[in-house]
Amino acid sequence: MRGLAECEIRLHGPDQDIHSGSFGGAVPNPATAAARLVAALHDEHARVAVPGFYDGIVELTDQERELFAQLPFDEKEWLRTAKSHATHGEAGHTTLERIWARPTAEVNGIGGGYQGPGSKTIIPSWAMVKLSFRLVAGQDPDHIEQVVRAWAAQQVPDGIRQEIAFSPATRPCLTPLDHPALQSVARAMGRAFEKPVLFTREGGSGPAADLQEVLGAPVLFLGISVPSDGWHAPNEKVELDLLLKGVETTAHLWGDLAETWRHAP
């Protein structure tokens with residue numbers, strides 16, 4: 001699972017909204033500063049442009065790239081599920097690599113100034129940007145907060161005051177492909193589905209790293225859901241036949257884990 005860091009950046013300019021005719025072009029505009037900050041978040045290759053952002057990252061191995069390439073992935077169908085019309089992301093990586101194994105910086109919201117009907121010729125008093133960063137193995141949320149704070153401070157022109165607040169973060173978690181427990185999952189799922197089992201990662205985030213650290217045990221994901229289930233959506237669903245196969249897989253898994261650990265050195 002990828003980790004997650006989130007922040008809100010508020011930019012303050014004039015002490016109140018002021019007339020753009022009387023003062024425009026002569027004082028800094030916080031909405032313009034917010035737009036420039038967002039534009040500076042990525043380079044021309046869609047790579048996150050925050051210095052130090054990629055420090056310590058665990059790169060994909062050739063084996064993992066080959067495993068991803070073996071998956072039956074239909075990009076056009078995936079786009080329909082994503083309610084989107086084109087893929088986009090860090091150059092040099094496939095769509096699956098981008099959502100499973102590469103970190104991201106996303107603009108979740110941007111606002112400020114007048115947003116009602118018609119026009120209001122002002123320089124707004126404030127603007128804000130909400131950002132989130134999905135993190136992969138080797139990245140530390142505390143380090144990400146430090147480098148984002150330093151980067152954001154450099155984007156602010158004189159006359160603009162910045163406030164940045166981070167939410168509690170989630171660390172990334174990765175269980176090695178050759179871990180015996182993960183191999184038990186693959187064997188158990190293979191018995192239930194009677195098909196070869198391939199591996200994926202998960203682009204979302206959760207407390208897996210904390211569980212792994214506190215318990216001193218690997219975290220295993222037995223995934224029986226599909227993208228069309230609409231995770232977190234109002235009409236989220238589960239396919240009952242897959243759910244029952246998951247129950248069968250779990251039954252096989254306990255026996256396989258016991259046998260694996262009985263023969264462990």
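Is Arg 10 buried, exposed or partly exposed, and what is its relative accessible area? I found Arg 10 to be partly exposed, at 27%, where buried means under 20% relative accessible area, exposed over 50% and partly exposed in between (1.4 Å probe, protein chains only).

Before going on, I noted that this is a predicted model, in which local features need pLDDT of at least 70 and side-chain atom pairs count only at pLDDT 80 or more, while totals for chains, interfaces and linings use all residues. Residues are numbered from 1 along each chain as its sequence is written, and side-chain values use heavy atoms, with hydrogens and water left out.

**Salt bridges**

I took a salt bridge as a side-chain nitrogen of Lys or Arg within 4 Å of a carboxyl oxygen of Asp or Glu, and the count by this rule is 17. Arg 10 meets Glu 8 in one of these, at 3.2 Å from N to O, and Glu 8 is partly exposed as well, with 22% relative accessibility.

I then looked up Arg 47, whose side chain forms a salt bridge with Glu 90 at 3.1 Å, N to O. The pair links distant parts of the chain, 43 residues apart, with Arg 47 in the loop between helix 2 (30–39) and helix 3 (62–70), and Glu 90 in the loop between helix 4 (75–81) and helix 5 (95–101); helices (H or I, at least four residues) and strands (E, at least two) are DSSP runs, numbered from the N terminus. Arg 47 is partly exposed at 33%, whereas Glu 90 is buried at 8%. Both belong to a network of salt bridges that also includes Glu 59 and Arg 102.

Within helix 4, I found Arg 80 and Glu 77 three residues apart, about one turn of the helix, and their side chains meet in a salt bridge of 2.6 Å, N to O. Arg 80 counts as exposed at 51%, and Glu 77 as partly exposed at 38%.

I traced an open sheet of four strands in the order 3-5-1-6, with antiparallel pairing (two strands pair if DSSP finds at least two bridges between them). Strand 3 (104–112) and strand 6 (161–166) stand at the edges with a single partner strand each, so one side of each has no neighbour in the sheet. Strand 3 pairs with strand 5 (residues 126–135) over eight bridges, and I noted Arg 134 as the bridge partner of Thr 104.

**Cysteines**

I searched the whole structure for disulfides (cysteine sulfur atoms within 2.5 Å of each other) and found zero. Cys 7 is buried at 5%, and Cys 173 is buried at 10%.
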